[in-house]
Each structure stands twice: as structure tokens, then as C-alpha cells.
Amino acid sequence: MLSAEKLVILDRDGVINHDSDHYIKSLDEWVPYPTSISAIGRLNRAGFTVAVATNQSGIARGYYDEATLQAMHDRLTALVEDQGGHIAHIAYCPHGPDDNCQCRKPLPGMLLQIQQQLGLESLAGSWMVGDSLRDLQAGEAVGCQPILVRTGKGAGTEAKQVGLEKARLFDDLAEFVNWLCGEAA
Ligand SMILES: [Mg+2]
Ligand SMILES: [Zn+2]
């Protein structure tokens with residue numbers, strides 16, 4: 001059975017792919033970091049399970065639809081599988097900030113969905129990797145170890161120096177994976 005410490009939950013925009021202040025609205029605008037795709041494969045080979053939890057309020061705002069989001073996630077899945085990797089579950093929140101849903105980060109609803117999907121009793125000790133404070137807050141709410149990467153909005157999040165007391169910082173996902181797999185070896 002999967003142990004919580006062997007689960008890595010990733011934010012999407014700014015961690016796996018380039019972020020945009022204007023939302024990622026089409027498949028053409030979804031541009032992955034190649035080093036992040038290969039890092040997911042390395043995590044899998046080191047025995048980690050990888051899941052994704054992504055706020056996608058652009059759906060509620062009408063900037064793109066769920067079919068477009070699915071096309072992005074199909075491409076992500078294909079690129080990762082080309083590296084011999086696998087994403088166990090992609091959770092997304094399609095709601096806006098005023099919808100009062102339970103899934104939009106900083107709330108931990110998507111993480112709990114991943115927990116349930118993977119049959120874990122707890123997420124205590126799992127890893128939550130993000131570029132925004134709300135990613136880390138969602139993780140910390142359910143006992144995940146918070147990781148901030150400096151890609152995407154991460155450098156700006158680091159500069160604010162708020163809420164990062166428990167976080168470890170890395171330049172990007174690949175650097176975190178190097179560290180984690182080194183630790184695990
Ligand atoms: Mg992000
Ligand atoms: Zn939601």
C-alpha cells in the first residue's frame with residue numbers, strides 16, 4: 001500500500017508548465033517545463049506516486065471550458081508517459097473565488113479528493129509542491145510537507161516572506177526531485 005511520504009502532490013501552473021497572468025486558456029498556451037516532465041518520471045522511478053491539484057477558475061470565468069482543460073491534461077499525461085512516468089490523479093477546481101466551494105486552494109478539498117482516490121488514510125507526511133502561498137496552505141491544512149519552487153509565481157511568493165516558515169525552497173521541480181530522491185536513496 002502507498003505510504004503518505006511516497007506521495008508528491010503538484011500544483012500545475014508555475015510548477016509543471018509556465019504560468020500566465022492572463023490564464024492558460026488553450027492547448028497552445030499550455031507550455032510545459034521539460035525539466036518538470038522528466039522530473040515526474042524520475043519521481044516514479046524512485047517509487048513516488050505523483051498527483052496534481054490545480055485551481056482553474058478560468059473555467060468559472062468563462063475563459064475556457066472543461067474540454068480544453070482535458071486536452072491540456074491529455075497532453076500532460078502523454079508527455080509524462082513518454083518519460084515512462086504516470087500521474088495517478090489530476091484534481092482540478094473549476095470554481096471561482098466567490099463560489100464558496102471546498103476545493104479551491106487554499107482549502108484542501110482537492111488534496112482530500114486525491115487521498116480518497118488513492119485510498120490513503122492520511123496525507124500526513126506527503127509532499128505539496130507549489131509556487132503560490134495557497135498551495136502550501138492547502139498542503140499544510142492536511143499535514144503535507146510544503147515545498148515552494150521559484151518558477152511561476154514562486155519568486156514573488158518568496159519575496160513576500162509570508163507563510164513560508166515550514167516550507168523548503170527550491171529553484172524548480174527538478175531541483176526538489178534531486179533533493180528528494182537523494183534523501184530517499
Ligand atoms: Mg501555480
Ligand atoms: Zn472548487
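Let's start with a pair of side chains: Glu 158 and Arg 150 meet in a salt bridge, with 2.8 Å from N to O. A salt bridge here means a side-chain nitrogen of Lys or Arg within 4 Å of a carboxyl oxygen of Asp or Glu. Side chains of opposite charge can pair when their charged atoms come close. Glu 158 has a relative accessible area of 26% and is partly exposed, and Arg 150, at 29%, is also partly exposed. On this scale, buried means under 20% relative accessible area, exposed means over 50%, and partly exposed lies in between (1.4 Å probe, protein chains only).

Before we go on, a word about what you are looking at. This is a predicted model, in which local features need pLDDT of at least 70 and side-chain atom pairs count only at pLDDT 80 or more, while totals for chains, interfaces and linings use all residues. Residues are numbered from 1 along each chain as its sequence is written, chains are lettered from A and ligands numbered from 1 in the order in which they are written, and side-chain values use heavy atoms, leaving out hydrogens and water.

Back to the charged pairs: the count of salt bridges comes to seven. Asp 11, Lys 105 and Asp 135 are joined into one network by salt bridges that share partners. Another salt bridge joins Arg 12 to Asp 13, with the closest N and O atoms 2.7 Å apart. Arg 12 is buried, at a relative accessible area of 0%, and Asp 13 counts as buried too, at 13%.

Now follow a link between distant parts of the chain. Asp 19 forms a salt bridge with Lys 153, and their closest N and O atoms are 2.5 Å apart. Asp 19 sits in the loop between β1 (7-10) and α1 (34-45), while Lys 153 sits in the loop between β5 (145-149) and α5 (154-160), 134 residues apart. The helices (H or I, at least four residues) and strands (E, at least two) are DSSP runs, numbered from the N terminus.

Finally, let's visit two of the strands. Strand β2 (residues 49-55) runs parallel to β3, and five bridges join them; strands pair if DSSP finds at least two bridges between them. From β2 the chain passes through helix α2 (residues 66-82) to β3, in a right-handed β-α-β crossover. Right-handed means that, with the strands pointing away from the viewer, the path from the first strand over the helix to the second runs clockwise. In β3 (residues 89-93), His 89, Ala 91 and Cys 93 make up the covered face, whereas Ile 90 and Tyr 92 are on the uncovered one.
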